Amino acid sequence: MTSGTKSDPWALTTAPGTSAYTMYRDPDHEPPALVCQVGSTTLRYRIEAIEAIEDLHGWLTERADWVLLGAADEKKPAAPDTVEAWGRSEDNPVGGWYGLRNGYRGRFGMYLPPLLEELGLAELTHNARNNSMRAL
């Protein structure tokens with residue numbers, strides 16, 4: 001398994017399998033960030049997103065069922081009771097958005113779930129649309 005550093009990033013694929021991307025921790029960024037590189041686009045999430053993996057896993061465990069990912073751009077509302085909605089919720093550990101880059105704060109439900117799957121914490125469906133995940 002990779003270490004999740006810039007020199008050894010996690011190589012991931014979106015749930016539908018349509019886009020490959022990498023993620024790694026960047027503790028030197030201000031503020032420290034979890035960097036998601038999708039082609040030429042760079043998204044940054046609060047480094048707390050790493051800790052949120054455990055919190056998201058806990059939320060999924062409590063749900064004890066499949067939860068829709070609900071990935072959505074920042075300017076679109078997140079569907080209720082989805083991973084995307086949780087990643088924006090004032091009730092999550094950071095009290096709102098994990099995304100750092102204005103205009104690119106959404107897509108938590110697109111890019112974080114495959115990391116949980118890679119880490120062996122969750123199972124994802126891999127359909128063309130409307131994917132879900134559940135805790136392992």
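With a relative accessibility of 5%, Asn92 counts as buried (under 20% relative accessible area; exposed is over 50% and partly exposed lies in between, with a 1.4 Å probe and protein chains only). The model is predicted, and local features need pLDDT of at least 70, side-chain atom pairs count only at pLDDT 80 or more, and totals for chains, interfaces and linings use all residues. Residues are numbered from 1 along each chain as its sequence is written, and side-chain values use heavy atoms, with hydrogens and water left out.

Asn92 is located in the loop between helix 2 (83–88) and helix 3 (108–111); helices (H or I, at least four residues) and strands (E, at least two) are DSSP runs numbered from the N terminus. The side chain of Asn92 reaches the backbone nitrogen of Val94 at 3.0 Å and the backbone oxygen of Gly87 at 3.4 Å. Neighbours within four places in sequence set aside, Asn92 is in contact (heavy atoms within 4.5 Å) with Trp86, Gly87 and Tyr98.

Two of these contacts, Trp86 and Tyr98, also belong to one aromatic cluster with Tyr45, Trp59 and Phe108. The structure holds 6 aromatic pairs, defined by ring centres within 6.5 Å for Phe, Tyr and Trp (its six-membered ring), where planes under 30 degrees apart count as stacked, over 60 as edge-to-face and the rest as tilted. Among them, Trp59 and Trp86 are stacked, at 6.3 Å centre to centre and 25° between the planes. Trp59 lies in helix 1 and Trp86 in helix 2, so this pair ties together parts 27 residues apart in sequence. Trp86 also forms a tilted pair with Phe108, at 6.0 Å centre to centre and 40° between the planes. This second pair links helix 2 with helix 3, its members being 22 residues apart. Trp86 is buried at 11% relative accessibility, and Phe108 at 2%.

Beyond four places in sequence, Met23 touches residues including Trp10, Leu34, Tyr45 and Leu115.

An open sheet of 3 strands has the order 5-7-6 with antiparallel pairing (at least two DSSP bridges between paired strands). Strand 5 (67–68) and strand 6 (122–124) stand at the edges, each with a single partner strand, so one side of each lacks a neighbour in the sheet. Strand 6 pairs with strand 7 (residues 132–135) over 3 bridges.

Definitions and conventions
Polar contact = N/O pair within 3.5 Å; in protein donor to acceptor, adjacent residues only side chain to side chain.
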